[in-house]
Amino acid sequence: MVADGAQLVELCGAFGPVWTARVIEAVGGAVPVGAVGYGPEAVDQLHAIFS
């Protein structure tokens, strides 16, 4: 995506910190990488969506 002109990457919170770190490493600092985070109050609703 970076080679095609992406200027930033924004990841869904479901990626989690490990996969977010892998994406950051993969782009090698070429673009900023952000990730959405969910608080503990959203755990039940997220589980319902992904179950």
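pLDDT is the predictor's confidence in each residue, running from 0 to 100. This is a predicted model, so to speak of local features takes pLDDT of at least 70 and side-chain atom pairs count only at pLDDT 80 or more, while totals for chains, interfaces and linings use all residues. Residues are numbered from 1 along each chain as its sequence is written, and side-chain values use heavy atoms, with hydrogens and water left out.

**View 1. Confidence along the protein.** Mean pLDDT comes to 91, and 100% of the residues reach 70 or more. β1 scores highest, at 95, and helix α2 (residues 43–50) lowest, at a mean of 89. Helices (H or I, at least four residues) and strands (E, at least two) are DSSP runs, numbered from the N terminus.

**View 2. Arg22 and the Trp19 ring.** Here Arg22 sits over the face of Trp19, 4.4 Å from the ring centre. That label needs CZ of Arg (or NZ of Lys) within 6 Å of the ring centre and within 35 degrees of the ring normal.

View 3. Phe15 is found in the loop between β1 and α1 (16–27). Its relative accessibility is 39%, so Phe15 counts as partly exposed, a class between buried (under 20%) and exposed (over 50%), with a 1.4 Å probe and protein chains only.

**View 4. Gly5, ahead of the strand.** Gly5 belongs to the segment before β1 (9–11). Gly5 is partly exposed because its relative accessibility is 48%. Val31 is 26 residues from Gly5 in sequence, yet 9.9 Å away in space, C-alpha to C-alpha.
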